[in-house]
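Hello,

Here is the structure I promised to pass on. Please open it first, then read my notes below.

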Amino acid sequence: MLTSEQVKKHAREVGADIVSIGTMDRFDGAPPQMDPRWMMPTAKSIVAMGFRHARGCFRGIEEGTFFTAYNAMGYASINYIEQPYVLHELARLFEDHGCDAMPIPNNFPWNNINASGWTPPEETEKPNFNKAKPLTEDRPAPDVFIQLRLAAYAAGLGEIGFSKMFLSKEFGPRQRIAVLLTDAELEPDPVVKPGTLCDKCMLCAKACTGNAIPLDKTVKVTIAGNEIEWADIDMKTCGTYFCGGNPATNPFAVTPEDKETFGKTVGIAQDHKLKPIYMYARALEGASGCIRACMIHLENQGKLGCTFDQPFRKKTPWRIPQDGNP
Ligand code: SF4
């Protein structure tokens, strides 16, 4: 019989950085549209894996000189190359032991989420019947949406920070998540107590170049008996500013038209300025608050397992003066 140790060892050997396992009853109370048990009713376990962004992917953005590494090697290649490969290899292990495995990387489009990507939390669980209808009244509409960060929490991989980013004890906010559902019964890991890593310092909110992380508006959910709270991120603002919407932190915003439209249309960021690598070139802000500020804070506190000889930040973050203002 397959054991948790075998699963974790294999996942690491084929490329995952961190691995954790949870039971499906931890999804009790989830809205049906977001409950993975509707995707795989026979599932007994969920395996969550974290794939690190190399810290060096952020170096060029921190210096203001090289922006492609985070887009390509820190973001898109993890989604489109590493995760599908590792999930495929892990699914083979389960099948070789007579178990079903459903691999779910970070890049699925989740077609039936209500609205088109800027869905407020209270709307996310509702299906969009213009896209697909349930087969019967008692089941959710396809495709059921699995919230990967919450699924990873349920599997014990880490916690949700105030920034809504997933934080692991190894890398803080510096990873992307993939999960696998299986009918194998595996020994679970405990969930992480909220507050183990995030001390609500609010540095993520202060450093966000779009002010997309509100200090006074939060979302709360309960998973496996733990109440988890995060900032009710303005996702539309986040979507604009993480793509370079603030000209003071985007050296590619050169013309008045750039400054007006950068981040507001995919074309400006992807096609007009940086060449998309692995279909992606948009993350120009370099996750100023939700990754860089948080990572620096957690590293400074000695909370993370992945340590470095040199601190990441050695000087005040750069800003491009706008209209004569520094
Ligand atoms: S920067 Fe501070 S408040 Fe924000 S997620 Fe990290 S630890 Fe939590």
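Isoleucine 18 sits in strand β1, which covers residues 18-23. Keep in mind that this is a predicted model.

Is isoleucine 18 buried or exposed? Isoleucine 18 is buried, because it has 23 C-beta neighbours inside 10 Å and 20 or more are enough to count. Setting aside neighbours within four places in sequence, isoleucine 18 has contacts with Met49, Gly50, Leu157, Ser168 and Glu170.

Now the core. The largest nonpolar core holds 83 residues. Ile46, Val47, Ala48, Met49, Ala155 and Val179 have the most contacts inside it. Helix α3, residues 68-96, gives the most to this core: 10 residues.

Take alanine 155 from that list. Residues up to four places away in sequence are not counted here. Alanine 155 then touches Ile46, Val47, Ala48 and Val179, among others. Its contacts also include Ser20, Ile21, Gly22 and Asp189.

Isoleucine 18 and cysteine 294 are 276 residues apart along the chain. Their C-alpha atoms are separated by 19 Å.

Best wishes

Definitions and conventions: Residues numbered from 1 in each chain as written. Predicted model: local features only at pLDDT ≥ 70, side-chain atom pairs only at ≥ 80, totals over all residues. Core = buried A, V, L, I, M, F, W, Y, C linked by C-beta atoms within 7 Å. Buried ≥ 20, exposed ≤ 12 C-beta atoms within 10 Å, placed from the backbone. Helix = DSSP H or I, 4+ residues; strand = E, 2+ residues; numbered from the N terminus. Contact = placed C-beta atoms within 7 Å.
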